[in-house]
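Please open the model in your viewer and keep the selection tool at hand. The tour has two stops, and at each one you will be told what to select and what is there.

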Amino acid sequence: MDTQTFASLFLEELQFTRGTTLEAASEQDKYIALVRVVRRSLIERWHATNETYNKAVPKTVAYLSAEYLLGPQTGNALLATDLESTARAALSTLGIDLDDVIATEIEPGLGNGGLGRLAACFIDSLATLNIPAIGYGIRYNYGIFRQTFVDGEQVEQPDTWMSLGTPWELPHPEKASLVGFGGHVEETISSAGMPGRTWVPAWHVQAVPCDYLVPGYDTENVNTLRLWSARATDEFNLQIFNSGDFENAVRARTAAENISNVLYPEDSTPQGKELRLQQQYFFVAASVRDLLDRYLGLGVSFTNLPEHITFQLNDTHPVVAIPELMRLLMDEHGLEWDEAWGITQRIFNYTCHTLLPEALEVWSVDLFGRLLPRHLEIIFKINEVFLDEVRAKTGNELLVRQMSIIQEQPFRAVRMAHLATVASARVNGVAELHSQLLRDNVLKDFSAYWPDKFTNVTNGVTPRRFVRLSNPELSNLLDDAIGSGWTRDLSQLSKLEELVDDEGFLEQFAHVKSLNKQRIAAVLAERDGIELPTDAMYDVMVKRLHEYKRQSLKLLHVVSLYARVLAGTLRAEDIEPRVVVFGAKAAPGYRMAKDTIALINAVAATINNAPELRGRLKIAFPANYNVTLAEKLIPAADLSEQISLAGKEASGTGNMKFALNGALTVGTLDGANVEIHELVGDENFFLFGMTEPEAESLAQAGYTPSKYYEQDEDLKLAIDLIASGAFSGGERSTFEPIVSDWLWHDRFMALADFRAYVDVQQDIEAKYRDAEAWNRSAVLNVARSGFFSSDRSISDYLERIWHATPLPAARRHTA
Ligand code: NBG
C-alpha cells in the first residue's frame, strides 16, 4: 500500500463508516478510521491463513486462558503489516500526527498481571512461528479496574475500555452457541439400546464469538484470538414488560450478561465465587465445542482427535474443560467411558503458575453440583477410577486421600489442580526452580506417581512488543550493530558480546537510556503531574501488589535512607541520586496490599518534599500501571527490582523485559531470576537474600521477625519512623497494621532479608558511579537475555508438549 492509497482509504473510512469529514472528525473517528485501514491488510492475510489451515487439517494448539492482557493493538498491527511509515506519511499529508491517533487507544486490560500478559506474548509467538493456533478466552466488558489514588489510597474505577467502540474486534452474534447451567441429569437409552446419562440444564446463555486478529511478525500468518461474550437467550420478556414491571422483564438478560461483564481480581470475595465458576464454564464450553465441531466437520475421527487438537490449560481456570470434553464425547457423541477418557488424556496439558497453596483453586462440591451436575458426576467417576488404580498400585490409603481430586476438609471440594494433573498428558511449571518445587512440594505425590508427566518451560516475553515497539531507539541501535534479525531470533543478541569493549557503542547505548528517561519523564509529567530528574538512577519496581513480592522491602530501604539522614548516620550527599518508581495495583479485597499502597504514597509525599533529600531521592508512584505504561517505563530503567521471597514467585516476566532493555537486576534466587542470574553472569546481577532452602529452614525453625528489628539499627530506625506517624501527620495508628505485621508476622520474611538488601544497594551505588562498568553490564544483560524470548518458550512447548508443526500460510495473490 502506498502513501496515497493509505490516505484515500483513510478518508473513505472517515466518510463512509464514521459518517464524518476530515475537518469535523473527532480523535475517536480518526483512530477508528486508521484501525480500519490497517485491518484490511491483516484480514486478507487472516483469510489466507484460515484457508491454509482448513486445507491441511493440521494439529491446532488451543490456548485456554481466562485472561489476555493484550496491551494496545494498533502499534503492533502497524509493525506486523510494516505500514508504520506509510501510515505516518499518509496521515501527515492530512495534517494528522500518527502518534496522537495511536495514543487515543485504550488498551484491553483483560488480565490481572503476569499470567494474562504471558498468554498475550504466547499468542504473538505462536503466530510468528506459523503455528496453527487459536486463543480462547472471555471478552469482559470491564477489564482490570482503573486505579486512582485519593489521599494516597487506591480507589478502583470501572475500566470502560470499549465504551467508544473496539475496532479491533470482529463480533459474530449469528455464530453464537448455547451454554447450559444448573438443572439435573437424566437416565437415557440410546438408539442402540445403551443406557446413558443426559444433562438437562435449567438455563442457558448464548456465547457470542468476538474475534481478534493475532498477526505474526515477518510472516503471512495471522491467527485468531476468540473471546466469548455472553448474551441472554431471550432479550426480555414482553409479557412482563407490558405489565409494567420493567425491571423483572430484563432480569434474565442481566443475569446472563453478567457472566462476561467483569474480570475477576486475583483474589476474589466469596460472593463472586459462583459467578466466577460460571465464567470459567461459559468460556471453555463454548471453546471446546467450537474446536471439536470444526475438526469433526473436517472429517477427523474421534480416535484421531489428539493428533489434531491440543488444549493448553493456562492455570486451573479452564480446567472444567476436562469434564466438558468427556461429557460431549459420551453424552452427545455416544462414546464409551474408556474411549472418551483415552482421548481426553491425550488432548489436555496443564501449566501451573503458582507456588502459594492458597492460590490453588478449589470449588465446593455443593456449588459445583448445583451449577454443573453432570460434570460433577464425571469428576467423581474420574476420581474413582484413578484412586482405585493408585490403591491397587501402592496400597497406601494415606496417599489415596492426598491425591484425591476431592478434598474432604475443611469442606468438600473439587481440587482443580489435581483434576488437571490426572487428566493431562503433560504438566509444566514456568521456570526451572518453579518446576522443581512443583515436583518436590506442590504436586509431589503426582510427580512420584508419574515422573514423566512433569516438565518445565521457562516463560518468555515477545521481543516485538517489549523491545521493538517499546524501545525504538534501542532497536535502531541494535539493527545497526547486529542487523535486524534479532526481532525474530532473539538469540542473535549474543552478537553484542563483541561490542562490550567498544567505547563508542557503550556511549550510544547510554545515550539511548538517557533518551528513554526523558521520554518517560515527559509522559509522567503529562499523565500524572510527576516531575522527575532525567539524570538520576531509575530504580523500578512494577508488578501486582502482593506481600510475597515484597514491595514493602523496597520501601523499607527507602525509608531507612531517609531515617539515617535524619538521624545523622548518613550524609545526603553520599546518596547516589535515584528515582524509585513503583507501579502496582492491589486486588480490591486485599487489605494489606492496599495499606502498602497508602504507605508508599505517604512516604513519597514526605520524602519528595524533604529538603534534606532534595536532588538525591525521589519516589514516583504513577497510578494505574498497565501495559501502555510498562512499554514506556521499562526501557528507561537502570535497576530492576525482583525481590520476592525465594520460593514464592513462580517465574516473573517483568524481570525478563527489564534485562532485555538493559536494566540490571537486583534480585533473590527466585523464579526465572535464577536463570537470568546464571545467563547474564554474577558480575552483571545483584544477587541478595536467602535461598529457597534457607527460607524454608528458617520457617521450619520458627521465624521471629522482631528479632531482626531488635538487632538491626537501620531497620529499627526505619520501622520506628513509620510507627511514629512521621508519614501520617503524626497519627500513629494509620500504619499500625503494617508495622505490627512486620514485627509479629511478616509471612514473607522481608525483615530477614533487609540487611542483605540494603548492603547490596551499596554495591549498586558503587557500581552506578562507574558509568562505564555499569553500561558494560547493561549491554551484557541485553546480549545474554535472548533466551527469554517467548518464541523460545513456544519452541519448548512444541517440542516437549504439543508436538505441533509450523504451517506457513499460502502467500496472497495480489493483483
Ligand atoms: C503468575 C506468577 C508469575 C508468573 C506468571 C506467568 C499467577 C497465578 N501466576 O510469577 O505469579 O510469571 O504467572 O507464568 O498469576
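For the classes used at the first stop, Ala, Val, Leu, Ile, Met, Phe, Trp, Tyr, Cys and Pro count as nonpolar, Asp, Glu, Lys and Arg as charged, and the others, Gly among them, as polar. The model is predicted, so that local features need pLDDT of at least 70 and side-chain atom pairs count only at pLDDT 80 or more, while totals for chains, interfaces and linings use all residues. Residues are numbered from 1 along each chain as its sequence is written, and side-chain values use heavy atoms, with hydrogens and water left out.

Select the ligand, and then the residues around it, which include Gly114, Leu118, His353, Asn459, Tyr548 and Glu649 (a residue counts as near if one of its heavy atoms lies within 4 Å). By class, this shell holds 5 nonpolar, 6 polar and 1 charged residues.

An N or O atom in the side chain of His353 is 2.6 Å from an oxygen atom of the ligand, a polar side-chain atom of Asn459 lies 2.9 Å from a ligand oxygen, and one of Glu649 lies 2.6 Å from a ligand oxygen. Of the 380 Å² of accessible area that the ligand has on its own, the protein covers 85% (Shrake-Rupley method, 1.4 Å probe).

Is Pro622 buried or exposed? Pro622 is buried, because its relative accessible area is 1%, where buried means under 20% and exposed over 50% (1.4 Å probe, protein chains only).

Note on methods
Polar contact = N/O pair within 3.5 Å; in protein donor to acceptor, adjacent residues only side chain to side chain.
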